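Please walk through this structure and explain which charged side chains pair up and what lines one of its pockets.

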Amino acid sequence: AYHAMPDLRAPDGTPTGAVRGYASQLVKLLTRERPTHVAAAWDFELTSFRNEIHPGYKAGRGEPPADLAPQFALCDEVTRALGVPGIGIERFEADDVIATMTAHALDDGADVVIASSDKDLCALVSDRVSLFDPHSEALLGPAGIEARLGVPPDLVPDFLTLVGDAVDDIPGVPGIGAKTAA
């Protein structure tokens, strides 16, 4: 939402563009999907246990922009004001929290919709787990993931291992692109 919104400011000068974009997406999702259970997952901090495994992990990201950092707490406030619990766990990323909550929901017999455009989460999609992409507003099941990435959800980890992930500074196998990996 930060990159999609203009530089909006509250009367006191506090940046609010990312908050507005995030709140708009969350309200739209809650209104449209009317989930029976919902939670938001946050990255607790900029590093996780993955940095111990691969020191270069997300090394190129650096600190968030100065006008974005104060909006994290505001996004948490908006989330809670809408009755949605926000969960962040030290040393773990939001992806880990989402995967854990998904596993527990499946164990409890629930179907799950994950709202994210993060391709890592495509690996969780199954006959009972869908991925809602807030940008395209597409709801993807296993066939949608295969159409998007060229591999079914269970092969997404292998696919990403081969192609790497520039966003997370994870190198892939030299000379292997998305078509070859698929």
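Aspartate 133 is buried, with a relative accessible area of 6%; buried means under 20% relative accessible area, exposed over 50%, and partly exposed in between, using a 1.4 Å probe and protein chains only. Its partner in a salt bridge is arginine 148, with 3.1 Å between the closest N and O atoms. A salt bridge here is a side-chain nitrogen of Lys or Arg within 4 Å of a carboxyl oxygen of Asp or Glu. The pair links distant parts of the chain, with aspartate 133 in strand S4 and arginine 148 in helix H5 (residues 142-149), 15 residues apart. Helices (H or I, at least four residues) and strands (E, at least two) are DSSP runs, numbered from the N terminus. Arginine 148 counts as partly exposed, at 40% relative accessibility.

The model is predicted, so local features need pLDDT of at least 70 and side-chain atom pairs count only at pLDDT 80 or more, while totals for chains, interfaces and linings use all residues. Residues are numbered from 1 along each chain as its sequence is written, and side-chain values use heavy atoms, leaving out hydrogens and water.

Aspartate 165 and lysine 119 form another salt bridge, their closest N and O atoms being 3.3 Å apart. Aspartate 165 lies in the loop between helix H6 (156-163) and helix H7 (178-181), and lysine 119 in the loop between strand S3 (112-115) and strand S4 (129-133), so the pair ties together parts 46 residues apart in sequence. Aspartate 165 is buried, at 7% relative accessible area, whereas lysine 119 is partly exposed, at 29%.

Lysine 58 and glutamate 93 also meet in a salt bridge, at 3.4 Å from N to O. Here lysine 58 is buried, with a relative accessible area of 14%, and glutamate 93 is buried too, with 7%. The structure holds 11 salt bridges. Lys28, Arg32, Glu33 and Glu137 are linked in a network of them.

H6 gives the most to the lining, with four residues.
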